[in-house]
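Please open the model in a viewer and follow the stops below in order. Each stop names a selection and then describes what is found there.

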Amino acid sequence: MTNDLRRISWLVLVCGLGCGQTGGSATAPTGSTTEGEATTTTTTTGGTTVTPTGSSTTAEPTTGEPDPCAASPQALADCIDPAAYAEDLQFIADVRTPGTPHWKAVQDLCADRLSELGYQVVLMDYGTGVNVVGRRLGKATPEQIVVVAAHYDHIADCRGADDNASGVAATLEIARLLAKTEFDRTVHVACWDEEEDGLIGSEAYVAAAKAAGDDIVVDFNFDMIAFTSAAENSQTVPVGFELVFPEAYAELEANGFRGDFVAVMSSAKANAHAAAYAAAADRIGLRRALIELPGGQETSDLFADLRRSDHAPFWDAGYPAVFLTDTSEFRYANYHCMAGPDEVANLDLEFAAAVTRATVEASAVALGM
Ligand SMILES: [Zn+2]
């Protein structure tokens, strides 16, 4: 989560908008080169260098036996491997400022894992950083794209376990599950770079997508999904939140302002996907708060606090996007190591696995399953 605090007071301005409107991975994450990897060519288009790696073969060998996980979006979600999630999280959660060895190791983890899973992997070198994007083409409407992503960079001198090792591990586990079957639509699984420097990696991807005329159905973005607190009044909200989102605020109040839910923030265009997420969360008993921005307001600085991650460039480009988060410093004092280390020991891995599981279901639905 970026620390871009352009905090124009909601309280003063919001009423102008109309108040009251409404695991199982077979290999350890060593970052080593795998047999499936075959970096060969580099192409340059529009100032963006892309290096395709890996093969385009499907991940699951044909055995004649259908994978029971692939029976439905719910079955796919229920095949989540919390141990695999925890292992990836543990590996990623170390200092990985852009350019450092661990930043590169996590970049390699994304590329190698996606390649092993059968994704076509592109290292998108946009000049100052490198996004890793894995693609699996849809079989009926491949021009329609569902994105699942998280940023892998972090600030200096901080392990960034919640921010955003928690999101990258979720992205990799979803990649594993989505690789078990084919979908009508194309899936892009991405590890963004330089989020902490101002959403630079995701902006580069969106600019390229826009230039190519890509039809992005929805982007599910994870940023900080693993901190919870069951204590009363452990959850705070941005100034003026209750005026714009009275229903969500009433739910938080009824819950004693406990920080034990995932916030599901969507632009109006993504509300159907947020609703699918909420249904999945309800099915598995994951507490969630739906925060749907008023139509057309997702680009407004009034909502600066809801725009502090990689979904914002999608919103700015008019693409639907859903942001999944534990709400950062509105719940977690160790955000950016401000009050102490941001490390795995602080985190609620059962909660993070549940957030991931619900996203498997919602993304499979979005992919046409
Ligand atoms: Zn951050």
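Is cysteine 158 buried or exposed? In this predicted model, cysteine 158 has a relative accessibility of 1% and therefore counts as buried, the limit being under 20%.

**Cysteine 158 and its partner.** Select cysteine 337 together with cysteine 158: a disulfide joins the two, with an S to S distance of 2.1 Å. The torsion about this S-S bond is about 85 degrees, so the disulfide is right-handed. Cysteine 158 sits in the loop between β5 (141–151) and α5, and cysteine 337 in the loop between β10 and α11, so the bond ties together parts 179 residues apart in sequence. Cysteine 337, at 24% relative accessible area, is partly exposed.

**The zinc ion.** Next, select the zinc ion. Its donors are Met1 (N), Met1 (O), Asp163 (OD), Glu196 (OE), Glu196 (OE) and His336 (NE2), at 1.9 to 2.7 Å. The angles that these six donor atoms subtend run from 54 to 159 degrees, which makes the arrangement irregular. Aspartate 163 belongs to helix α5 (residues 161–178), whereas histidine 336 belongs to the loop between β10 (321–325) and α11 (349–366); the pair therefore ties together parts 173 residues apart in sequence. Aspartate 163 is buried at 0% relative accessible area, and histidine 336 is also buried, at 11%.

**Helix α5.** Of the 18 residues of α5, 18 are buried.

The whole structure contains three disulfides. Select cysteine 110 and cysteine 191, whose sulfur atoms are 2.1 Å apart; with -90 degrees about the S-S bond, this link is left-handed. Cysteine 110 lies in helix α4 (residues 101–116) and cysteine 191 in strand β6 (residues 185–192), so the pair ties together parts 81 residues apart in sequence. Cysteine 110 is buried at 0%, as is cysteine 191 at 1%.

Then select cysteine 69 and cysteine 79, which form a disulfide with their sulfur atoms 2.0 Å apart. The torsion is about -90 degrees, so this disulfide is left-handed. Cysteine 69 is buried at 11%, while cysteine 79 is partly exposed at 24%.

**Asparagine 255.** Finally, select asparagine 255, in the loop between α8 (246–254) and β8 (262–266). Asparagine 255 counts as buried, at 10% relative accessibility. Its side chain makes a polar contact of 2.9 Å with the side chain of aspartate 260.

How values were computed:
Residues numbered from 1 in each chain as written. Predicted model: local features only at pLDDT ≥ 70, side-chain atom pairs only at ≥ 80, totals over all residues. Heavy atoms only, no water. Donors = N, O, S within 2.8 Å, 3.2 Å for Na, K, Ca; no water. Tetrahedral: all angles 85-135°; square planar, octahedral: opposite > 155°, others 65-115°. Helix = DSSP H or I, 4+ residues; strand = E, 2+ residues; numbered from the N terminus. Buried < 20%, exposed > 50% of the residue type's maximum accessible area, 1.4 Å probe, protein only. Polar contact = N/O pair within 3.5 Å; in protein donor to acceptor, adjacent residues only side chain to side chain. Disulfide = S-S within 2.5 Å.
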